[in-house]
Amino acid sequence: MKFKYVVSMLAVAGTLAAGAAHAAVPVADPLTRPATMVRQPGRVFLAGLAHAGKRLVAVGEHGVVALSDDGGKSWRQARVPTSVTLTAVQFPTPRQGWATGHYGVVLHSADGGETWSRQLDGVQAAQLALRDAQAETGAPRAARDLADAQRLVRDGPDKPFLALHFGDALNGIVVGAYNLAFRTRDGGKTWTSLMGRLDNPKGNHLYAVRSTGDVVYIAGEQGLLLRATDGGLHFERLDTGYKGSFFALCLPGADEVVVGGLRGNAYRSRDRGASWNKLESPTPAAITAIGVRGADGIVAVNQAGQVLAAGPGATALVPLNVPALPPLNDLLVDADGSIIAASVFGVLRLPAVAPSAAPTVSMAAK
């Protein structure tokens with residue numbers, strides 16, 4: 001199970017347990033309760049990071065969206081209409097952005113992250129899945145897809161979206177637990193289910209999604225790796241040879257794919273997934289995110305708080321010699337080559353370094 005998902009679920013469980021002692025006090029639905037306001041939004045549990053032009057945007061527990069316009073030196077909190085845990089964020093343009101979260105939430109911002117509105121939630125997603133499954137009459141998997149959609153409706157909005165990717169301000173895909181997958185072609189005004197198109201009969205969790213042009217990759221539990229070459233109409237399985245979960249996915253080049261996951265396992269393909277080479281890792285800690293470092297190759301972060309790098313022709317991930325860090329959930333590579341990471345204790349910035357250097361680490365401003 002993905003680290004940031006597990007930690008956030010534990011936090012939710014603790015909140016519910018505490019609330020049980022005061023059951024007589026009504027609590028607003030987290031879908032409709034505004035985000036919890038915090039004193040230091042850059043220093044709470046944060047799960048996802050994005051650039052919105054020159055602005056940094058971070059999302060995390062209790063609906064917190066943190067904004068920084070000075071490279072992470074100071075942070076302020078955005079206005080968010082929900083207090084569910086947010087898991088991922090992306091801005092394909094400086095002003096248009098999306099975030100995903102628990103309860104099947106998809107949020108949209110049209111002003112660079114200042115304010116957000118809800119475009120989708122778990123109740124609506126289940127109804128859309130049911131509608132699309134009912135339209136599959138005669139398809140080979142129609143009966144199974146219909147049963148899965150009906151189960152979603154019965155369960156209610158209890159399943160999170162865990163990742164998203166927007167190729168531009170109109171076309172995006174969101175994925176999550178138990179095979180949740182939806183696509184929009186109009187900037188989130190309407191959504192359609194992809195669940196019946198995925199070769200995922202066990203309903204494994206989907207942890208990462210990326211696309212380049214019409215090629216879409218989705219990575220998930222138990223070695224699940226899917227690829228579509230037609231914009232997401234038809235997906236096929238790819239086999240890396242590894243059967244553990246993949247939590248991270250990046251596309252360094254037009255034909256290059258890198259995935260990482262449990263026990264530090266990482267694999268690289270230079271032919272769109274036709275063949276794979278393993279990237280050796282110095283630690284068995286799960287890889288939670290992978291980013292591109294331009295001509296310097298890739299950089300990854302893991303549960304052990306390590307930052308790892310691999311050059312374009314490398315066969316192993318090499319640790320950047322940084323001090324001990326908290327568990328890391330996501331990363332960005334800034335324009336100056338520095339690495340910005342989202343952690344269980346907020347945002348950290350590491351200056352651009354070579355594997356043998358020893359940089360300092362700065363936390364978000366107090």
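Which strands each supply at least two residues of the lining of the largest pocket? Strand 1 (46-52), strand 5 (86-90), strand 9 (161-166), strand 13 (206-212), strand 17 (246-250), strand 21 (287-292) and strand 25 (328-333) do.

## Model and confidence

This is a predicted model. Its mean pLDDT is 89. Of the residues, 87% reach 70 or more. Residues 1-25 have a pLDDT below 50. Beyond near neighbours in sequence, that stretch has 30 contacts in the model.

## Overall make-up

The protein has 366 residues, and 55% of them are buried. It holds three helices and 28 strands. Take the contacts with a separation of 6 or more: residues 24 or more positions apart account for 46% of them.

## The largest pocket

The volume of the largest pocket is about 770 Å³. Its lining counts 36 residues. Leu49, Gln90, Arg210, Leu331 and Leu332 are the closest to the centre. By class, the lining has 23 nonpolar residues, nine polar and four charged.

Leu49 falls within the range of strand 1 (46-52). Gln90 falls within that of strand 5 (86-90). Arg210 belongs to the range of strand 13 (206-212). Leu331 and Leu332 both fall in the range of strand 25 (328-333).

## The cavity

The structure holds one cavity of 30 Å³ or more. The volume of the largest cavity is about 60 Å³. Its lining consists of Gly104, Gly122, Ala125, Ala126, Leu152, Gly156, Pro157, Asp158, Lys159 and Leu180.

Helix 2 (residues 122-134) gives the largest share of this lining, three residues. By class, the lining of the largest cavity divides into five nonpolar, three polar and two charged residues.

## Nonpolar cores

The largest nonpolar core has 20 residues. Those that touch the most other members are Val106, Leu120, Phe161, Val174, Phe182 and Trp191. Helix 2, helix 3 (142-155) and strand 9 each supply at least two residues of this core. Helix 2 gives the largest share, six residues. A second, separate core has 18 residues, including Leu31, Ala35, Val89 and Phe91.

What does phenylalanine 182 contact, leaving aside its neighbours within four places in sequence? The partners are Ala125, Leu128, Ala129, Phe161, Gly172, Ile173, Val174, Trp191, Thr192, Ser193, Leu194 and Met195. Among them, Phe161, Val174 and Trp191 are also listed with the core members that touch the most others. Ala125 is a contact of phenylalanine 182 and part of the cavity lining.

Is glycine 97 buried or exposed? Glycine 97 counts as buried because its relative accessible area is 0%, and the cut-off for burial is under 20%. Glycine 97 sits in strand 6 (residues 97-101). Beyond four places in sequence, its contacts are Gln90, Phe91, Pro92, Leu107, His108, Ser109 and Trp116. Alanine 52 is 45 residues away along the chain, with a C-alpha separation of 7.6 Å from glycine 97.

Glycine 63 lies in a loop, between strand 2 (55-60) and strand 3 (65-68). Glycine 63 is buried too, with a relative accessible area of 0%. Not counting residues up to four places away, glycine 63 touches Ala35, Val80, Thr82, Ser83, Val84, Thr85 and Leu86.

## Two arginines with positive phi

Arginine 263 is not a glycine, yet its phi is positive, about 55°. Its place is the loop between strand 18 (257-261) and strand 19 (266-269). Arginine 263 counts as exposed because its relative accessibility is 60%, and the cut-off is over 50%.

Arginine 272 also has a positive phi, near 60°. Arginine 272 is in the loop between strand 19 and strand 20 (277-279). At 32% relative accessibility, arginine 272 counts as partly exposed.

Key
Residues are numbered from 1 along each chain as its sequence is written. This is a predicted model: local features need pLDDT of at least 70, side-chain atom pairs count only at pLDDT 80 or more; totals for chains, interfaces and linings use all residues. Side-chain values use heavy atoms; hydrogens and water are left out. On a 1 Å grid over the protein atoms alone, a cavity is a set of points where a 1.4 Å probe fits but cannot get out, and a pocket is an open set with protein on both sides within 12 Å along at least five of seven lines; lining residues have an atom within 4 Å of a point. Grid points are joined across faces, edges and corners, and a volume is the space filled by probe spheres set on the points. Helices (H or I, at least four residues) and strands (E, at least two) are DSSP runs, numbered from the N terminus. Ala, Val, Leu, Ile, Met, Phe, Trp, Tyr, Cys and Pro count as nonpolar, Asp, Glu, Lys and Arg as charged, and the others, Gly among them, as polar. pLDDT is the predictor's confidence in each residue, from 0 to 100. Contact means heavy atoms within 4.5 Å. A nonpolar core is a set of buried Ala, Val, Leu, Ile, Met, Phe, Trp, Tyr and Cys residues joined through side-chain atoms within 4.5 Å. Buried means under 20% relative accessible area, exposed over 50%, partly exposed in between (1.4 Å probe, protein chains only).
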